[in-house]
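Dear colleague,

Below I am handing over the structure we spoke about, with the sequence alongside. Please look through it first, and then read the notes that follow.

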Amino acid sequence: MNKSQLLQTCNQLKQVSETAAMEYASKANKLVSEMNVLMLARPDIEALVGKENLAMMQDNHSNHIRFITSILKDFNSEVLVETILWVFRAYRSRGFSTNYWAAQLNTWVQLIECELTVASYNEVLPLYEWMQVNIPIFVKLSDEMLESPNN
């Protein structure tokens with residue numbers, strides 16, 4: 001799959017309701033706090049994020065919530081795809097494993113299922129599922145971008 005095809009799949013996602021976006025935003029601090037506790041408790045956390053990167057991981061969780069809140073409020077597939085690719089390049093260059101994103105996204109899904117109403121969860125979940133399913137594509141495309149002589 002190339003970037004154009006990835007964008008096509010992203011364009012199939014639907015804008016969530018204002019209610020779902022606002023509920024997600026209202027839970028941001030709690031979600032980040034719980035995410036950090038769960039991820040820091042993992043016995044494999046150093047293998048996932050690399051040595052000396054725990055603070056960076058926690059910053060990523062805060063950035064994730066802010067970014068996803070903005071996407072939920074005003075969906076833009078190009079911004080979503082470009083930002084995810086940038087994140088993959090930037091964090092992998094600092095020692096994050098590609099397995100980190102699977103662990104992270106699985107944990108986000110668990111948390112939003114617990115914290116959001118069923119209606120909001122059902123609206124937000126497709127975005128997280130799309131990100132989960134496309135982790136191998138993000139890896140492939142970010143690898144290609146890192147290897148490109150224009151970078």
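I begin with Phe88, which is buried because its relative accessible area is 3%, where buried means under 20% relative accessible area, exposed means over 50% and partly exposed lies in between (1.4 Å probe, protein chains only). Please keep in mind that this is a predicted model, in which local features need pLDDT of at least 70 and side-chain atom pairs count only at pLDDT 80 or more, while totals for chains, interfaces and linings use all residues. Residues are numbered from 1 along each chain as its sequence is written, and side-chain values use heavy atoms, with hydrogens and water left out.

Aromatic pairs

A search of the whole structure finds seven aromatic pairs, a pair being rings of Phe, Tyr and Trp (its six-membered ring) whose centres lie within 6.5 Å, with planes under 30 degrees apart counted as stacked, over 60 as edge-to-face and the rest as tilted. Phe88 and Phe138 form one of these pairs, and the pair is tilted, at 5.4 Å centre to centre and 50° between the planes. This pair links distant parts of the chain, since Phe88 sits in helix α6 (residues 77–93) and Phe138 in helix α9, 50 residues apart; helices (H or I, at least four residues) and strands (E, at least two) are DSSP runs, numbered from the N terminus. Phe138 also counts as buried, because its relative accessibility is 1%. Tyr91 and Phe96 form an edge-to-face pair, with 5.1 Å centre to centre and 90° between the planes. Tyr91 is buried at 7% relative accessibility, and Phe96 is buried at 4%. Ring pairs link Phe88, Tyr91, Phe96, Tyr100, Trp101, Trp130 and Phe138 into a cluster.

The nonpolar core

Trp130, a member of that ring cluster, is also among the residues with the most contacts inside the largest nonpolar core, which has 54 residues; the others named there are Tyr24, Trp108 and Tyr128. Such a core is a set of buried Ala, Val, Leu, Ile, Met, Phe, Trp, Tyr and Cys residues joined through side-chain atoms within 4.5 Å. Not counting residues up to four places away in sequence, Trp130 touches Leu6, Thr9, Cys10, Leu13, Leu80, Val81, Ile84 and Phe138, a contact meaning heavy atoms within 4.5 Å. Tyr24 is in turn touched by Thr69, which also touches Ala25, with residues up to four places away in sequence again not counted. Thr69 lies in helix α5 (residues 54–73) and counts as buried because its relative accessibility is 11%.

The chain as a whole

How many helices and strands are there in the protein chain? There are nine helices and zero strands. The radius of gyration of the protein chain is 15 Å, close to the 15 Å that the globule rule gives for 151 residues, so the chain is as compact as a globular protein of that length; this radius is taken over C-alpha atoms, and the rule is 2.2 Å times the number of residues to the power 0.38. Along its principal axes the C-alpha trace spans about 45 × 35 × 20 Å. Of the 151 residues, 47% count as buried, and residues 24 or more positions apart account for 81% of the contacts with a separation of 6 or more.

Salt bridges

The whole structure holds seven salt bridges, each being a side-chain nitrogen of Lys or Arg within 4 Å of a carboxyl oxygen of Asp or Glu. In one of them the side chains of Lys30 and Glu115 meet at 3.3 Å, N to O, and this pair links distant parts of the chain, with Lys30 in helix α3 (residues 28–40) and Glu115 in helix α7 (residues 99–115), 85 residues apart. Lys30 is partly exposed at 44% relative accessible area, whereas Glu115 counts as buried at 13%. Lys140 forms a salt bridge with Glu144, the closest N and O atoms being 3.0 Å apart, and because these two are four residues apart in helix α9, about one helical turn separates them. Salt bridges that share partners also join Lys30, Glu34 and Glu115 into one network.

With best wishes
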